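Dear colleague,

I am passing on the structure below, and my notes on its packing follow it. Please read them with the coordinates open beside you.

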Amino acid sequence: MKSKPANKIQDLQFFGEFGGVNPSISDSSTYTFLSANSMSQTFEGNMEGCYLYSRNSSPSNLYLEEACAAMEGTEAANVFSSGMGAITSTILQICKSGDHIISSRTVYGGTYAFLKNFTPQIGIETDFVDITNINAIKNLVRKKTKIIYCEVSSNPLLEVADIESLSKIAKENGLKLIVDNTFTPLSISPAKFGADIVIHSLTKFINGTSDTIAGVVCSSKEFIHSLRDVNDGAFMLMGATMDSLRAASVLKNMRTLHIRMKKHGENAMYLAKSFEKDGIKTVYPGLKSHTSHKIFSKMMNETYGYGGMVTIDVGSLKKANMLMEKMQDKNLGYLAVSLGFYKTLFCAPGSSTSSEISDEEQGKMGLSEGLIRFSVGLDQDIERTYIGIKKCLKEFKLI
Ligand SMILES: *Cc1c(COP(=O)(O)O)cnc(C)c1O
C-alpha cells in the first residue's frame, strides 16, 4: 500500500497573522461578537467559524485538529489536554448507565483501570477479551453493547488488532469501533479499515519531545460536534481542554513525525532482530516470528515501518530491574515510563505501566514479570547502542 498520510500534513497551509510561516497563537480565553444575535447562534452551535470560549474551541487548537484529522483521514478531530481526557470523554459520550463495552484485555493501564474500576460505578460494564479472537468478540455482543475498544498494537504485549474484521462486527451490530493508535501513528491508518473513532495520546510519538501531556480524538464531524456540544458534550462539560500555546507547540513537532517514525522503526527493527538472534524472547510486529506479523504488514503504510516498541523477556523482575539499571548507567537509555522520546526509554510494564492489572490477570494474558518494554529512540548509531546492551546482557549472563 502506497498511502502516505504525512503528505496530507505537509500539504496543509496555515499562515500567521503577518504572513508568518507558522500560524499565530491565539492568546484569548474569550471572543468578542459584533452582534448579540451571532453570540446566541454560536451558543446553539449554528455558527461555523465563530469562536465563543476557548474550552469549546480555539484557533490554535483547530490547526492541530486539522493536522490530526488529515493524518488519520477522518473528517474532523478534537484535541484534549491528555490522552486519558480523550479516551474517557469518548467513552462517556457514547455509553450511558446500563450500556456494555467489549475491550481488548491488553490496553493502556489507565484505560484498563477506567473500564475495570471507574465506569462500573456509573453502571457501564466491560468484558475484556483477547482481541485476536474474533469469534469470542462476536459472541459477546449483546443488546446494550455500544463499543468495541482496542489498540492497534497493544500495550505492552504488542498484540495486533485485525481492524477490518472488528469493524465488520461493529457495523453489523451498530457499535462504534474505537481504536487507540498511540503506538503506531502514520504506520497504520485505522479509519481506512473502518474504525469509527481513532484516539491518540499525543504525549508519545506525535509530540515526540516528552515535554507535555496531550491527546486527540479523530472521527466524523458529527461525533466531534457531539463532544463539543454545550448541552451534553463530554469534552465541553468535563473540560479536558488543551492550551493554545501547547497546541501550537505540538503542531510544530508533528511536522517531523514521518522522519522520526521511520527512524524509530528502523532502530527498533535492528534491535529486535539482534535480540532474537541472541536467543532472547523478543516481541516486535516487524519480526516474522510475531504472531500478528502478517496482519500488521497487510494494514501498514510501508514507508513508516513497524513502530518503535519492542519487548524482551529476561525471565524475572529482578533480572529485568538489574538490566535496566545497568543500561541506564551506561547511558543507553532511560529507566522511564512513556514512549516516543529521542532517547530509548525502558520499563518493566508488569510492575509499572500495567500494574493496574492484577497479577493473576497479567499471568493469564501472558504479561510476565520479566518483560521489558523498550521505546526505541532515534539513536544515530543503533549498532553502537546494541553492542552496549549486549555487554550488559552478557554481564548478567542473560545471553
Ligand atoms: C500514554 C497512553 C495513553 C494515555 O495518554 P496520556 O496522554 O498519558 O493521558 C493512552 N493510550 C496509550 C496506548 C498510551 O500509551
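Leaving aside its neighbours within four places in sequence, which residues is F374 in contact with? With contact taken as heavy atoms within 4.5 Å, the residues are F275, G308, M309, V310, I312, M327, T344, L345, F346 and I389. Please bear in mind that this is a predicted model, in which local features need pLDDT of at least 70 and side-chain atom pairs count only at pLDDT 80 or more, whereas totals for chains, interfaces and linings use all residues. Residues are numbered from 1 along each chain as its sequence is written, and side-chain values use heavy atoms, with hydrogens and water left out.

F374 is, with L64 and L202, among the residues with the most contacts inside the largest nonpolar core, which has 81 residues (a core being a set of buried Ala, Val, Leu, Ile, Met, Phe, Trp, Tyr and Cys residues joined through side-chain atoms within 4.5 Å; buried means under 20% relative accessible area and exposed over 50%, with a 1.4 Å probe and protein chains only). Helix α11 (residues 257-277) gives the most to this core, with six residues; helices here are DSSP runs of H or I, at least four residues, and strands are runs of E, at least two, numbered from the N terminus. Because domain 1 (5-254) and domain 2 (258-395), whose bounds come from an automatic or database domain assignment, both give residues to this core, it lies between them.

In helix α15 (residues 382-395), I382, T385, Y386, G388, I389, C392 and L393 are buried, and what covers them includes α11, α13 (317-329) and strand β12 (371-375). On the other side of α15, R384, K391 and K394 are exposed.

Best wishes
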